[in-house]
Amino acid sequence: MKDRIPISFTRNNNQSSQESDLENSPRKPVTFVQNSNIDYLFGFIGGEPVPTKQDAYKPINVVEIDELGGETILNDFYRRKPETDSVKRFKEFIKVVAKNVIKEKIPMPNKVQVHLSISIKEKRFFEVDVDNLAKTVLDSLNNVAFDDDSQVTSLIVEKDIHPMKINKILIAITELTPERHGLVYRYKEE
């Protein structure tokens with residue numbers, strides 16, 4: 001697997017950098033001042049691309065046996081295919097990166113906004129859908145950033161081709177409250 005360089009952001013320049021317990025991932029120090037409307041901002045540069053997750057189903061044979069022992073083949077039964085190794089590796093990596101940044105997950109029933117900025121290589125740009133990229137990332141953040149991705153009421157996903165032809169993802173997470181509207185303010189008529 002190619003090396004991914006995890007990056008995190010702080011709300012102010014005075015916060016000391018935390019030691020990472022990420023194995024096999026070099027950490028390149030990056031310091032930015034974070035938007036105060038964002039609770040957590042982190043990601044990685046380089047390495048393998050964000051894999052897509054599509055819940056693929058495989059048809060299965062189901063037989064119903066009646067009281068007399070007669071068999072009837074039932075149609076339209078499916079079993080979910082297992083996740084690919086690349087999805088499993090990615091999810092574990094994102095969980096480790098997120099745990100280094102997120103100290104307390106956002107509990108149910110609180111609402112969450114997630115903003116994803118994903119850079120991919122040109123060859124893959126028209127092959128992957130943003131919703132499938134987002135699904136993998138959101139599933140990775142379950143029980144780390146929030147209890148469940150069903151809490152996500154606002155999702156902003158951007159996909160682009162990085163000028164340096166590398167893979168990158170930035171993840172911004174905000175707990176939405178009546179006072180905090182996330183990155184997009186909604187106008188309310190009175």
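A salt bridge is a side-chain nitrogen of Lys or Arg within 4 Å of a carboxyl oxygen of Asp or Glu. D39 and R180 form one, with their closest N and O atoms 2.8 Å apart. The pair ties together distant parts of the chain, 141 residues apart. This is a predicted model. Its protein chain carries three helices and nine strands.

**Overall layout**

- From the N terminus on, the elements run β-β-β-β-β-β-α-β-α-α-β-β.
- The protein chain has 190 residues, and 38% of them count as buried.
- Take the contacts between residues at least 6 apart in sequence: 77% of them join residues at least 24 apart.

**Nonpolar core**

- The largest nonpolar core holds 31 residues.
- Which members touch the most other members? They are F42, V114, V137, L141, F146, I171 and I173.
- At least two core residues come from each of β2 (40-45), α1 (85-101), β7 (111-120), α3 (130-141) and β9 (168-176).
- Helix α1 gives the largest share of this core, with six residues.

**H115, a buried polar site**

- H115 sits in strand β7.
- Is H115 buried or exposed? Buried means under 20% relative accessible area. H115 has 17% relative accessibility, so it counts as buried.
- The side chain of H115 makes a polar contact with the side chain of E158, at 3.0 Å.
- Neighbours within four places in sequence aside, H115 is in contact with I156, E158, L170, I171, A172 and L183.
- One of these partners, I171, is also among the core residues that touch the most other members.

- D39 lies in the loop between β1 (5-8) and β2, while R180 lies in the segment after β9.
- D39 is buried, because its relative accessible area is 17% and the limit for buried is under 20%.
- R180 has a relative accessible area of 22%, so it is partly exposed.
- The side chains of D147 and K105 also meet in a salt bridge, at 3.0 Å from N to O.
- This second pair links distant parts of the chain too, 42 residues apart. D147 is in the loop between α3 and β8 (152-161). K105 is in the loop between α1 and β7.
- D147 has a relative accessible area of 22% and is therefore partly exposed. K105, at 32%, is partly exposed as well.

- The side chains of K135 and D139 meet in a salt bridge, at 3.4 Å from N to O.
- How many residues apart are K135 and D139? They are four residues apart in helix α3, about one turn of the helix.
- K135 is partly exposed, with a relative accessible area of 29%.
- D139 counts as buried, because its relative accessibility is 10%.

**Surface patch around V63**

- V63, I65 and I73 form a nonpolar patch on the surface. Together they have about 310 Å² of accessible area.
- V63 belongs to strand β4, residues 62-65.
- V63 has 43% relative accessibility, so it counts as partly exposed.

- L74 is in strand β5, which covers residues 71-74.
- L74 counts as partly exposed, because its relative accessibility is 26%.
- Where neighbours within four places in sequence are left aside, L74 is in contact with V62 and E64.
- The C-alpha atoms of L74 and N61 are separated by 7.2 Å. Along the chain, L74 and N61 are 13 residues apart.

Definitions and conventions:
Residues numbered from 1 in each chain as written. Predicted model: local features only at pLDDT ≥ 70, side-chain atom pairs only at ≥ 80, totals over all residues. Heavy atoms only, no water. Core = buried A, V, L, I, M, F, W, Y, C linked by side-chain atoms within 4.5 Å. Buried < 20%, exposed > 50% of the residue type's maximum accessible area, 1.4 Å probe, protein only. Polar contact = N/O pair within 3.5 Å; in protein donor to acceptor, adjacent residues only side chain to side chain. Contact = heavy atoms within 4.5 Å. Patch = residues over 30% accessible without salt bridge, like charges linked within 9 Å, V, L, I, M, F, W, Y side chains within 5 Å. Areas by Shrake-Rupley, 256 points an atom, 1.4 Å probe, with all protein chains shown as cover.
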